[in-house]
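Open the model in your viewer and keep the selection tool at hand. The stops below go one by one.

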Amino acid sequence: MKKNDISTALGLILGFFVVLYGMISGQASIKDGLLTFWDVASLFITVFGSFFACMIAVPFSTLKKVPSAIKNAFVDKQIPAIVLIERFVELSKKARKEGLLSLEDEVQNIEDEFLKNGIQMVVDGIEPEVIKEIMELEISEMEKRHQSIINFFKLWGSLAPAFGMIGTLVGLIQMLKNLQDQSSLGPSMAVALITSFYGSLMANLFFNPLAYKLEVKSNEEANRREMMIEGVLAIQSGVNPRIVEDKLKTYLSPEERLAMLKQNAQKAAVMENE
């Protein structure tokens, strides 16, 4: 179940718009404003120089995850907590009424692999301690995988300004070699500073915020999976579906609890009318 994470795209677009406005303000035309901040050599030093430095620091297996990680920052693939609670209540009712083996028919209808494996282990009669250990280990390994790509973007965010400074130093050296040409000092200084601009922009508008967003999403996914573990173990223990719901509601925020309360009230009203 995926939906667009509008905050990522909106923040990126608005951030670029603010910077773009600053670039073109006070210029004779939009074209002149953009051309002032355009330098191919500076772009190569900042973007590719910092990326190649990251290649030295991280294994290739991490680099292959970069495109999918960027994509994940723009989508929300987590099952809504309220939907997940409703699903566990249904499974709990079925298990209490027809037995745990009856859940085998439901396994194929579960899209989330983590939850599917948990329910399958319940059907297979695996001990609850073993189920919890296996599922918690899977969460731990997931967090390690996520942290590797998060650290990559943090590293890139720290190296981009550094390579921007390297580009600035290169430009200053070239400028100092031509001090006799006074007319070129201003344009040369501008070009020298463009690399620092590129590096700062990359780090503060994209890489560092992206790393933070991926970290938030990783924590949310880990929390959702911990919620699944509680639900799976509750179903296996055969507790009342009402208790399953109350236990899982502890993972909801106050806003989500209120939304769930309203949703249950609407369902009750519909049933009364019928």
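Select Trp156 and Phe207: both are buried (under 20% relative accessible area; exposed is over 50%, partly exposed in between; 1.4 Å probe, protein chains only). This is a predicted model, in which local features need pLDDT of at least 70 and side-chain atom pairs count only at pLDDT 80 or more, while totals for chains, interfaces and linings use all residues. Residues are numbered from 1 along each chain as its sequence is written, and side-chain values use heavy atoms, with hydrogens and water left out.

Ring pairs join Phe44, Phe48, Phe51, Phe52, Phe152, Phe153, Trp156, Phe206 and Phe207 into a cluster. Rings of Phe, Tyr and Trp (its six-membered ring) pair if their centres lie within 6.5 Å; planes under 30 degrees apart are stacked, over 60 edge-to-face, the rest tilted. The structure holds 10 aromatic pairs.

Zoom in on Phe44 and Phe48. Their ring centres are 4.9 Å apart and their planes are at 35°, so this pair is tilted. Both residues sit in helix α3, four residues apart, about one turn of the helix. Helices are DSSP runs (H or I, at least four residues), numbered from the N terminus. Phe44 is partly exposed, at 48% relative accessible area. Phe48 is also partly exposed, at 37%.

Go back to Trp156 and Phe207. Their aromatic pair is stacked, with 4.1 Å centre to centre and 20° between the planes. Trp156 belongs to helix α9 (residues 128-176) and Phe207 to helix α10 (residues 185-237), so the pair ties together parts 51 residues apart in sequence.

Select Leu35, Trp38, Val40, Phe44, Phe48, Phe52 and Met55: they make a nonpolar surface patch of about 710 Å². Patch residues have over 30% relative accessible area and no salt bridge; nonpolar side chains (Val, Leu, Ile, Met, Phe, Trp, Tyr) are joined within 5 Å, like charges within 9 Å. A salt bridge puts a side-chain nitrogen of Lys or Arg within 4 Å of a carboxyl oxygen of Asp or Glu. Helix α3 (residues 40-57) gives the largest share of the patch, five residues.

Last stop: Thr8, in helix α1 (residues 6-24). Is Thr8 buried or exposed? Thr8 is buried, with a relative accessible area of 14%. Which residues does Thr8 contact, leaving aside its neighbours within four places in sequence? They are Ala73, Phe74 and Lys213, where contact means heavy atoms within 4.5 Å. Show the side chains of Thr8 and Lys213: a polar contact of 2.5 Å joins them. A polar contact is a pair of N or O atoms within 3.5 Å; within protein, one must be able to donate a hydrogen and the other to accept it, and residues adjacent in sequence count only if both atoms are side-chain atoms.

Definitions and conventions. Helices (H or I, at least four residues) and strands (E, at least two) are DSSP runs, numbered from the N terminus. Accessible areas come from the Shrake-Rupley method with a 1.4 Å probe; for residues, only the protein chains shown count as cover.
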